Amino acid sequence: MLLSASTFPEIHGYLHVKDNGKKSWKKMFFLLRRSGLYYSTKGTSKEPRYLQFFSEFNNADVYLLLSVKQTHGAPTKYGFCLKHNKAGGTGDVKLLCADDEESRTCWVTAIRVFKYGMQLHQNYLRPLQTKSEPSSHNVSPTVCMITFFDRI
């Protein structure tokens, strides 16, 4: 199962990243692990000694960027960013860019699953547990599904 500690997938590949305060973008090899997002300082090496921490997800949200090519000079139009929830302005926003839509979707979805995976799993189980418990009143499945989606 995806939510057990030993089976979290490792997502890896090239992303473009923009350093704060600079106009240029660098293409770097990134790895997404349960503990956060890392980039390799030596090509595509996954050895821990060559991995540098880039961001964690507990206090950050991921957003898709529109017109990132025009506004930030990105190499492609498939941008996304990690924005940290703590106060601090634009220094807390990390701009990233994928080579294509499929790659961007993969990265953004994986980050969201890593961040919200347990809550999504609990939201999925809640109606199933309610359905298996005896009820003193009849509730239609439609009402349960509406309640389920309201909690997301």
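Me: Where in the chain is Ser67 found?
Reply: This is a predicted model, in which local features need pLDDT of at least 70, side-chain atom pairs count only at pLDDT 80 or more, and totals for chains, interfaces and linings use all residues. Residues are numbered from 1 along each chain as its sequence is written, and side-chain values use heavy atoms, with hydrogens and water left out. Strand β5 covers 60–65 and helix α1 covers 68–72 (DSSP runs numbered from the N terminus: helices are H or I of at least four residues, strands E of at least two). Ser67 is in the loop between β5 and α1.

Me: What is phi of Ser67 near?
Reply: Ser67 is a residue other than glycine, yet its phi is positive. The value is near 50°.

Me: Why does Ser67 count as partly exposed?
Reply: Buried means under 20% relative accessible area and exposed over 50%, with partly exposed in between (1.4 Å probe, protein chains only). Ser67 counts as partly exposed because its relative accessibility is 42%.

Me: In what order do the elements of the protein chain run?
Reply: The protein chain has 3 helices and 7 strands. From the N terminus on, the order is β-β-β-β-β-α-β-β-α-α.

Me: Which element supplies the largest share of the largest nonpolar core?
Reply: This core has 19 residues (a nonpolar core is a set of buried Ala, Val, Leu, Ile, Met, Phe, Trp, Tyr and Cys residues joined through side-chain atoms within 4.5 Å). β1, β2, β6 (78–84), β7 and α2 (101–132) each give at least two residues to it. The largest share, 5 residues, is that of α2.

Me: Which residues of the largest nonpolar core touch the most other members?
Reply: In soluble globular proteins, nonpolar side chains tend to be buried together. Within this core of 19 residues, the members touching the most others are Phe30, Leu32, Leu37, Phe80, Leu82, Leu96 and Trp107.

Me: Which residues is Leu32 in contact with, leaving aside its neighbours within four places in sequence?
Reply: Contact means heavy atoms within 4.5 Å. Leu32 is one of the core members that touch the most others. With those sequence neighbours left aside, its contacts are Pro9, Glu10, Ile11, Leu37, Phe57, Trp107, Ala110, Ile111 and Phe114.

Me: What percentage of the residues of the protein chain count as buried?
Reply: The protein chain has 152 residues. Among its contacts with a separation of 6 or more, 44% join residues 24 or more positions apart. The buried share of the residues is 35%.
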